[in-house]
Amino acid sequence: LVPYIYSMNYRTYNDGRALCEPMYYSYPEKAEAFDCKNEYMFGSELLVCPVTTKLDDKTKTAATKMWLPEGRWTNIFDSKIYKGGQEVVINSPINTIPALAKEGAIIPMSADEGNGWGCPEHLKIDIYRGTNTTDFYEDDGESGKYKNGEYSITKMSVKEEGDKLTFTISGGKSLDFIPTQRKYTLEFKDVESFEE
């Protein structure tokens with residue numbers, strides 16, 4: 001998730017939006033958003049709710065009650081889809097927590113070996129059905145040259161129209177620190193079937 005987190009940290013720098021925000025920051029018109037004490041937006045695309053309940057001995061899962069805003073929400077671990085505008089209970093095994101991608105979420109990730117901080121040679125992008133645009137931010141990760149404009153912002157957009165889903169990558173700059181032969185893997189999530 002380093003590319004996603006790095007882009008969200010640029011959003012913090014540029015727009016003053018925190019990486020982790022309480023629900024009422026994004027949904028101030030909803031009374032339910034003020035009652036979510038354990039739930040937060042992780043960047044613009046993910047809704048997270050840490051597990052704070054005891055593991056059930058029989059099911060080996062822990063139940064977490066969450067409020068979901070309107071729209072479609074997809075659990076990034078098991079791909080289960082939830083309808084928003086209601087409270088749900090998510091049962092999680094010990095190695096996961098409820099982490100849901102919003103409708104139209106675009107999540108850039110590194111598919112390089114290891115857990116490096118540099119600009120990935122192999123960029124994996126998880127794309128969820130819906131309509132959305134997000135900025136993918138990159139800089140050299142070491143200097144303050146970004147203050148002089150030495151950074152790249154690539155626009156990523158997904159658009160759902162009927163049974164057609166279109167994903168677009170545009171913009172960005174060719175800079176020394178960005179790989180010239182980058183490999184892209186696009187993974188369309190919450191899609192039941194497709195034709196090439």
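Visitor: In what order do the six strands of the open sheet lie, and how are they paired?

Guide: Strands of a sheet pair through backbone hydrogen bonds, either parallel or antiparallel. In this predicted model, the order is β1-β2-β3-β8-β5-β6, with antiparallel pairing. Strands here are DSSP runs of E with at least two residues, numbered from the N terminus, and two strands pair if DSSP finds at least two bridges between them. The edge strands, each pairing on one side only, are β1 (20-22) and β6 (81-83). From one strand to the next the twist averages 35 degrees, with axes as lines fitted to C-alpha atoms and angles running from 0 to 180 degrees between N-to-C directions.

Visitor: How many bridges join β5 to β6?

Guide: Strand β5 (residues 72-75) is joined to β6 by three bridges, and the two run antiparallel. To find the place on screen, look for Trp73, whose bridge partner in β6 is Tyr82.

Visitor: And what does the hairpin of β12 and β13 have between its strands?

Guide: Two residues lie between them, and Gly162 in this hairpin takes a positive phi near 60 degrees. Eight bridges pair β12 (residues 152-161) with β13 (residues 164-171) in the antiparallel sense. Thr154 stands opposite Gly171 in β13.

Visitor: Before we go on, how should I read the numbering and values?

Guide: Residues are numbered from 1 along each chain as its sequence is written, and side-chain values use heavy atoms, with hydrogens and water left out. Local features need pLDDT of at least 70 and side-chain atom pairs count only at pLDDT 80 or more, while totals for chains, interfaces and linings use all residues.

Visitor: How many disulfides does the structure hold?

Guide: A disulfide is a covalent bond between the sulfur atoms of two cysteines. With the cut-off for the sulfur pair set within 2.5 Å, the structure holds zero. The cysteine sulfur closest to that of Cys36 is in Cys49, and at 7.9 Å this is too far for a bond. Cys36 is buried at 13% relative accessible area (buried is under 20%, exposed over 50%, partly exposed in between, with a 1.4 Å probe and protein chains only). Cys119 also counts as buried, at 17%.

Visitor: Which residues line the largest cavity?

Guide: Rolling a probe the size of a water molecule over the atoms shows where empty space is left. A cavity is a set of points, on a 1 Å grid over the protein atoms alone, where a 1.4 Å probe fits but cannot get out; lining residues have an atom within 4 Å of a point. Among the lining residues are Val2, Tyr6, Trp117, Cys119 and Phe136.

Notes. On a 1 Å grid over the protein atoms alone, a cavity is a set of points where a 1.4 Å probe fits but cannot get out, and a pocket is an open set with protein on both sides within 12 Å along at least five of seven lines; lining residues have an atom within 4 Å of a point. Helices (H or I, at least four residues) and strands (E, at least two) are DSSP runs, numbered from the N terminus.
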